[in-house]
Amino acid sequence: MRLRINEMKGIYLFGGFMKRLTTLLSALVAMMSTNVFAEYGLNMTEGVTSISHDIYDLHMMVFWVCVVIAVVVFGAMFYSVFAHRKSKGAVAAQFHESTKAELVWTIVPVIILVGMAIPASKVLIDLEDTTKAEMSVKITGHQWKWQYDYPEEGISFISNLAQSHKDVVTGTDADREAVGNYLLEVDKHLVLPVDTSIRFLITSNDVIHNWWVPAFGVKQDANPGFINDAWAKVDEIGTYRGQCAELCGKDHGFMPIVVDVVSKADYAKWVSEQQAAAAAAVASATKTWSKDELMAQGESVYNTNCAGCHKKDGSGMPPVFPAMKGSPIANGAAADHMDIVLNGKGAMPLFKMLGDADLAAVITYERNAFGNTGSVVQPSDVKSAR
Amino acid sequence: MTTATASHDDHHHGPEKGLMRWVKTTNHKDIGSLYMWFAFTMLLIGGAFAMGIRAELLQPGLQLMEPQFFNQLTTMHGLIMVFGAIMPAFVGLGNWLIPMMVGAPDMALPRMNNWSFWILPFAGGILLSTFFMEGGAPAFGWTFYAPLSTTFAPDSTDFFIFAVHLLGFSSIMGAINIIATVLNMRAPEMKLMDMPLFVWTWLITSFLLIGAMPVLAGAVTMMLTDRNFGTAFFDATGGGDPVLFQHIFWFFGHPEVYIMILPAFGVVSHIIPTFARKPLFGYSSMVYATASIAFLSYIVWAHHMFLTGMPVAGELYFMYATMLIAVPTGVKVFNWISTMWRGSMTFETPMLWAVSFVFLFTIGGFSGLMLGIAPADIQYHDTYFVVAHFHYVLVTGALWSIIAAVFYWLPKWTGKMYNEKLGKVHFWWAMISVNVLFFPQHFLGLAGMPRRIPDYSLQFADFNLISSLGGFAFGASFILLTYIVIDCVRNGKPASARPWSSAKGLEWTLEPKAQYHSFNTPPSRALIEAESQNS
C-alpha cells in the first residue's frame, strides 16, 4: 500500500515536471515576441521607495556600462578568434608590448570607475541617513519568524509563515498553486502607513537573520545583541513581500515577510484595533484558565511555533530535536519545562517573546498531549518563572 | 643534450614499486599526481552534493530531503570544492610544473611536501565523516557565520574545526615549499623576470596563503573556545560581537578567492601564446597586475559585509577599494586578447578551455563589479545573483583553467596524447551545460530569490528547472572527462617532447614523459632565454 502511494506520487511528480517543461518551452518561444520581463522576473524590481528607485537606476547604469565594455572587449576577442586563424592562413605578428596601449587600458577604466563611484556614493550616503524618520518599527528575527514592535504605539506581534503554506510543502504542485504566493504568506502582516518615513530598527534574538523587502530597497542584517537601522518611505499602497536573506538554520527558507502599506486613516484604525486586542490579552493573562481552554489554545501555539522541529504528533526529529511524546521534560517538573521554553538551550531557541497566556497554553499542551502526564501551567506561573 | 644526461641519472633514483611508492614518495611528480587525483575525487564528491542540491531545487516543494540536510549539502559542497578540489588541484599543478619550469630537480622541501599532501586525505575524511555523526554535518554554509556555527551548531562542528586546521597546515606547508623552491632552487641563470607566469602567479599566491590561512586558523580557534571553553568572542551576551567573526573570516576569505584564481591567470598566460603562435603580450604588466591584485585582495574584505551595519565611511572605502580591483584584472584580460590579436590561432582542446576562460571569467568579473557597488549590493546580496557570480569565477574561472592545464600538460606528464576529438566533444558539452546551469541564476537573483533555500516561491520555478537540467548535464560531462584522462594514460599515442609546436618553457625541453628528476644540471642561460615568456 505504501509503495503504491509512492508510485502514484512519483507519477504525479513526473507529470508536473513534464507539464512545467512544456509550458517552459512554449514560454521560451513566446519570449521572442513578447516582453517577458514582468512575467518571468528577469530583472531587479524598481520598487516603491526613493531608495529602491535609486538602486535600480544605479544597477541599470552599471549594467549598461558592463554591456558596452563587453561588446567592445568580446567583439575584439571573437573577431580575432574568427579572423586570426591558422586555418585562414593568418601569419602571427610578433609584437608583444606597447606602453601606450597599457596606459590607455589602465587610465580609461579608472575614469569609468570614478564615473560610477560618484552616483553610487550619493545613493549610499542617502540610504544610510535614517535621521528623517517620522516613526519607528522594531524588527526582531527569531528562528524562524519575525517579531514586530511599534514602540510608540505599544503594539507587538509575531509573524509566522502561514500554516496553509507549511501544509503544502510536501504536497502537490496544484496545492502549491492554490494557496497563492507560495511561501510568501504570513499569519500576521506588518502594517505601515503610506507616504511616511519609517525607521526600521533591526535586531535578532538568536542567530543572524536579514530583513529584506525588495520593493523597499531595504535589506539589513539582524545581528543578535546589536541594532541596525534602515529606512523607507513607501509611495504606493499595496502588499509587499520579502524573505529572510541570511542563512539562519533549518527553516531559513520559510520565514517570509509580508507588509501591507495602507492609507494613513486605515493605519490609524489598525493601530487602535491592535491596542484594544493588546489590552484584552493583558486581561486574559491575569485570569485562571481551565485545562480545556489551555489545551485548545496550546495546540494552535504548538503547531505554529514548535511543530516545525518537534512535529505535530510530538515525535520530533531525534537526536537534534527530541520527541515530545514521553519526554522527561514534558513529564517532569513544570519549572524545568518553563525554563527551557523561556530561555532555550542549544538548538532550542528561546520563546520568552510570546505572551504569558500563550506560553502557559503551549506548555500545558506539551505536558498533556501525546499521552504525556504533566501538570497544568497557568499564565501566572509563567509570569513568575520569567 | 641536457635531456639525455638527465635521463641517464634516473636509473639510480627511480621510484619504489607498489603501493608504498605513493605513501613514502618525496618526488614532486608523484606528489603532484596524488594532489591531482585527490582533488579530482573531491570534485566528484562535491559535485555529487551539487547534484543533490539541484535535484531538490528542480521544482518547488520539498521532494527529496529535509531542509536541514539541504543545508548540510550546500555547506559541504562549498567546503569540499574550495578546500578539497580547487586548492589542492592548484597545489598539484604547482608541484608538477614549478620544478620543471624553474630548472630544478625537485621541490626544495620534499619530505614536507609528502607530509603536506598526506594530511589532506585525513582532513577530507574527517570533514566528510561528519555526515554520519549525531546531529549531522555542519549546516551553516561554507562561510560558517557565528553564532549559527557556534551556539546553534551541531556537535560535529568541532570535527569541522579540526579538519580546517589540518587543511590550513597543509596549505601553509605547500606555500612555504613553493616559495623555497622558486627562490632557492631556481636555475642560477634564471632571473625573476625570466620566470614563466605560472611560477610568478604561484609565488604571489603562496604569500597570500601564508598571510590568509593563519587568520582562518584564528577564526576557527576562537569558534572552538566559544563553543567549548566559555569564551564569548562572537557572543554579544558575553561582550563579543558576531560581526567580528565576519571581519576575521573575510580577511581570510577575500585573499582566498584570489588564491583560487591567480594560478588560473598563470595557466591561461601559458596556453594562449602557445596556440596564438605569438609571444605573450605585456609580460611585465602581467606580473605587476598579479601583484597589485594580490595586494588589493587584503584590503577589500568587508565588501562581503555591506549589510552588517558598517558605518557609511567604511562602506564607501570598501566600495572604492573593490572597484579598483577591476583595473589590474582588466589589464590581464586586455593583455590576453592582445596576445590573440593578429596571431595564427588553432583551437586544440587546451586553447578552447583557455579562450572560454577569458570569456566566462570576464562575465564573472562584470557581475563582480556590479556587486562591488555598495547600494546595488543591497539588492544583490545573498541572492542567486551572488551564486551565479562566484560560480562564473570559480567554475568557469578556476576549474576551467585547471582542466585547460590538465589537457595542456597531460602529454608532458604521461608521454602520451589524449584523444583530441573526445576532448573537443567534452569541452562543448561542458561549455554549453555550464551556461545553462549558471546563467539563469543571474535572473533568479535579480528577481529576488535568496540563496541557500531548499524551496522557493512559484515565480522562480522555470529558471530553477532550466538551471537544474543544465546542472545534471554539466555533472555528467565529468564522466567523459574521467574517461578521456584514463584513456590517455592507458592507450594514448606517444607524444613528442614538445607536442605544441609554439609552446615555450623549460618543461618542454625534458623528455616526452618528463623524467623522474627534472633538471639534475641547471639549464644554461641560452636555453632559459630561448624558452622565456619575457622575450
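Predicted model: local features only at pLDDT ≥ 70, side-chain atom pairs only at ≥ 80, totals over all residues.
Let me start with one pair of helices.

Which residues of α3(A) and α12(B) meet? From α3(A) we have V73(A), A76(A), M77(A) and S80(A). Facing them from α12(B) are V333(B), I337(B) and M340(B). By class, the residues of this contact are 6 nonpolar and 1 polar, with no charged ones. On spacing, a general point: an α-helix has 3.6 residues a turn, so residues three or four places apart point the same way. Keep that in mind when you look at the numbering in the pair.

Now the whole contact between the chains. Chain A puts in 89 residues and chain B puts in 85. On the chain B side, several helices supply at least two residues each, among them α4 (67-101), α8 (242-259), α16 (420-446) and α17 (461-491). Which helix of chain B gives the largest share of the side that touches chain A? That is α12(B), with 9 residues. Sorted by class, the chain B side holds 52 nonpolar, 24 polar and 9 charged residues.

Next to consider is α11(B). This helix has 13 residues, and from its first C-alpha to its last it reaches 19 Å, close to the 18 Å expected at 1.5 Å a residue. Its buried residues are E315(B), F318(B), M319(B), T322(B), M323(B) and L324(B). What do the buried residues of α11(B) pack against? In chain B, they pack against α10 (283-297), α12, α13 and α14. In chain A, they pack against α4 (99-127).

A few words on chain A itself. Chain A has 12 helices and 10 strands. Of its 386 residues, 37% are buried. Among its contacts with a separation of 6 or more, 66% are between residues 24 or more positions apart.

In chain A, one joins Q143(A) and W144(A), with omega about -5°. W144(A) sits in the loop between β1 (135-142) and β2 (145-150). In chain B, the bond from A146(B) to P147(B) is cis, and omega is near 5°. P147(B) belongs to the loop between α5 (110-129) and α6 (157-184) of chain B.

Then there are two residues with positive phi. N181(A) is not a glycine, yet its phi is positive, about 50°. Its place is the loop between α6 (173-179) and β4 (190-193) of chain A. R277(B) is not a glycine either, and has a positive phi of about 55°. R277(B) is in the loop between α9 (262-276) and α10 of chain B.

Is R277(B) buried or exposed? A residue counts as buried with 20 or more other C-beta atoms within 10 Å. R277(B) has 20, so R277(B) is buried. N181(A) has 16 other C-beta atoms within 10 Å, and is therefore partly exposed.

That is what I have.

Definitions and conventions: Residues numbered from 1 in each chain as written. Chains lettered and ligands numbered in written order. Helix = DSSP H or I, 4+ residues; strand = E, 2+ residues; numbered from the N terminus. Buried ≥ 20, exposed ≤ 12 C-beta atoms within 10 Å, placed from the backbone. Contact = placed C-beta atoms within 7 Å. Nonpolar A, V, L, I, M, F, W, Y, C, P; charged D, E, K, R; others polar. Expected span 1.5 Å × (residues − 1).
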